[in-house]
Amino acid sequence: MSFNPQLADWRGKTVWLVGASSGIGQATAHALHAQGANVFVSARNAGALAGFVQSHPGAVALALDVTDRLALKEAARTLLATGPLDLVMYCAGYYKELRATGFDLAEMLRHNEVNYCGALYLLDAVLPALLAQRSGHLSLISSVAGYTGLPQSLAYGPTKAALINLAETLYLDLKDSGIGVSLVCPGFVETPLTAQNQFSMPALITPEQAAQEILQGWRKGEFEIHFPKRFTRWMKALRLLPYGARFAAVRKITSR
């Protein structure tokens with residue numbers, strides 16, 4: 001079933017990836033550039049963005065902090081002055097392991113500000129223009145960590161669950177407005193965030209593989225793009241279990 005207009009031809013399309021200095025965001029920006037898109041990239045790391053622009057002729061860097069609402073607004077104004085936006089993708093993410101036994105309010109709020117509020121600031125900056133042009137596509141990168149509660153994910157998991165709910169509601173609200181919405185839920189991807197993990201990560205894939213999965217999902221008009229399916233299908237199955245069985249399964253899997 002196709003939920004969105006199928007995005008297959010990126011030639012001349014204007015795309016903005018926020019959180020594209022490394023990992024999935026940068027790999028997706030690279031893939032879109034290779035297919036002829038006009039690529040704008042944003043992140044805090046101005047040096048990484050400059051390196052990307054240098055190796056991707058025509059790409060434009062708009063350095064900013066996603067927790068700065070006004071900076072996102074200004075970047076959006078600059079970008080929209082060049083013409084309509086065809087794709088806006090929120091790739092920014094922050095992750096530190098945290099358990100309730102070591103509760104840290106500052107860490108909880110930092111996760112919320114980067115992972116969730118940053119997406120809201122981006123919507124505030126671009127949604128009026130997308131509604132006015134009655135076209136475009138919004139894509140949010142969440143995680144399978146948002147599917148269910150997981151140990152060590154006290155700060156990270158709830159923000160990703162919030163993004164899932166946000167994307168679902170955006171889709172329902174914008175379905176008749178000409179704006180596509182997609183939700184990206186990766187499993188384990190080899191990025192600076194997952195490099196912190198001290199445990200075995202099943203079905204680990206590269207950012208380049210993740211980018212190809214995302215482009216394939218857009219090409220098919222999917223709403224939820226989850227991968228690698230040999231892992232994400234198991235995570236989805238956990239959500240269908242009654243809480244007793246689910247909690248027991250999670251504790252067994254994560255204690256290995």
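Reader: Helices first. What handedness does the crossing of α4 and α5 have?

Author: Right-handed. Keep in mind that this is a predicted model.

Reader: What angle do α4 and α5 pack at, and how far apart are their axes?

Author: The angle is about 15°, and the axes are 8 Å apart. Angles under 35 degrees count as roughly parallel, so α4 is roughly parallel to α5. Helix α5 covers residues 156–174.

Reader: Which residues make that contact?

Author: From α4, the list includes His 111, Asn 112, Tyr 116, Leu 120, Leu 123, Leu 127 and Leu 131. From α5, it includes Tyr 156, Lys 160, Leu 163, Leu 166, Leu 170 and Leu 174.

Reader: How many nonpolar, polar and charged ones in the contact of α4 with α5?

Author: There are 12 nonpolar, four polar and one charged.

Reader: Now α3 and α4. How do their axes sit?

Author: They come within 9 Å and cross at roughly 30°. Helix α4 spans residues 105–133. The crossing of α3 with α4 is right-handed.

Reader: Which side chains meet there? I mean residues of α3 and α4.

Author: Arg 69, Leu 72, Lys 73, Ala 76 and Leu 80 come from α3. Their counterparts in α4 are Gly 118, Tyr 121, Leu 122, Asp 124, Ala 125, Val 126 and Ala 129. By class, the contact of α3 with α4 has eight nonpolar, one polar and three charged residues.

Reader: Stay on Leu 80. What does Leu 80 touch beyond its neighbours within four places in sequence?

Author: Leu 85 and Ala 129. Leu 80 belongs to helix α3.

Reader: Why does Leu 80 count as partly exposed?

Author: Because its relative accessibility is 26%. Buried means under 20%, and exposed means over 50%.

Reader: How far is Leu 80 from Glu 97?

Author: Their C-alpha atoms are separated by 37 Å. Along the chain, Leu 80 and Glu 97 are 17 residues apart.

Reader: Switching to the sheet. What is the strand order?

Author: β3-β2-β1-β4-β5-β6-β7. The sheet is open, has seven strands and pairs in the parallel sense. β3 (60–61) and β7 (224–227) stand at the edges with a single partner strand each, so one side of each has no neighbour in the sheet.

Reader: How many bridges link β1 and β4?

Author: Four, in the parallel sense. β1 runs over residues 14–18 and β4 over residues 87–90. Val 15 has Leu 87 of β4 as its bridge partner.

Reader: Which helices pack on the sheet?

Author: Helix α3 (residues 69–80) touches β1 and β2, and its direction makes about 165° with that of β1. Helix α6 (residues 207–220) touches β4, β5, β6 and β7. The direction of α6 makes about 150° with that of β7.

Reader: What about β5 and β6? How many bridges?

Author: Five, again parallel. Leu 140 stands opposite Leu 183 in β6.

Reader: How many residues of β6 are buried?

Author: Seven of the seven, so β6 is largely enclosed by the rest of the structure. Gly 180, Ser 182, Val 184 and Pro 186 point one way, while Val 181, Leu 183 and Cys 185 point the other way. In a regular strand, side chains alternate between the two faces of the sheet.

Reader: Back to helices. How do α1 and α6 pack?

Author: At an angle of about 60°, with axes 8 Å apart. That makes α1 oblique to α6. The crossing of α1 and α6 is right-handed.

Reader: Who meets whom between α1 and α6?

Author: In α1 the residues are Gly 23, Ile 24, Ala 27, Thr 28, Ala 31 and Leu 32. Among those in α6 are Pro 207, Ala 211, Ile 214, Leu 215 and Trp 218. The contact of α1 with α6 has 10 nonpolar, three polar and one charged residues.

Reader: Last one, Arg 219. What does Arg 219 touch, not counting residues up to four places away in sequence?

Author: Gln 6, Leu 7 and Ala 8. Arg 219 is in helix α6, and at 39% relative accessibility Arg 219 counts as partly exposed. Arg 219 and Ala 76 are 25 Å apart, C-alpha to C-alpha.

Definitions and conventions
Residues numbered from 1 in each chain as written. Predicted model: local features only at pLDDT ≥ 70, side-chain atom pairs only at ≥ 80, totals over all residues. Heavy atoms only, no water. Pairing = 2+ DSSP bridges. Helix = DSSP H or I, 4+ residues; strand = E, 2+ residues; numbered from the N terminus. Contact = heavy atoms within 4.5 Å. Axes fitted to C-alpha atoms, helices over the stretch in contact; angles between N-to-C directions. Parallel < 35°, antiparallel > 145°, perpendicular 65-115°, else oblique. Left-handed = near helix turned anticlockwise from the far one by under 90°. Nonpolar A, V, L, I, M, F, W, Y, C, P; charged D, E, K, R; others polar. Buried < 20%, exposed > 50% of the residue type's maximum accessible area, 1.4 Å probe, protein only.
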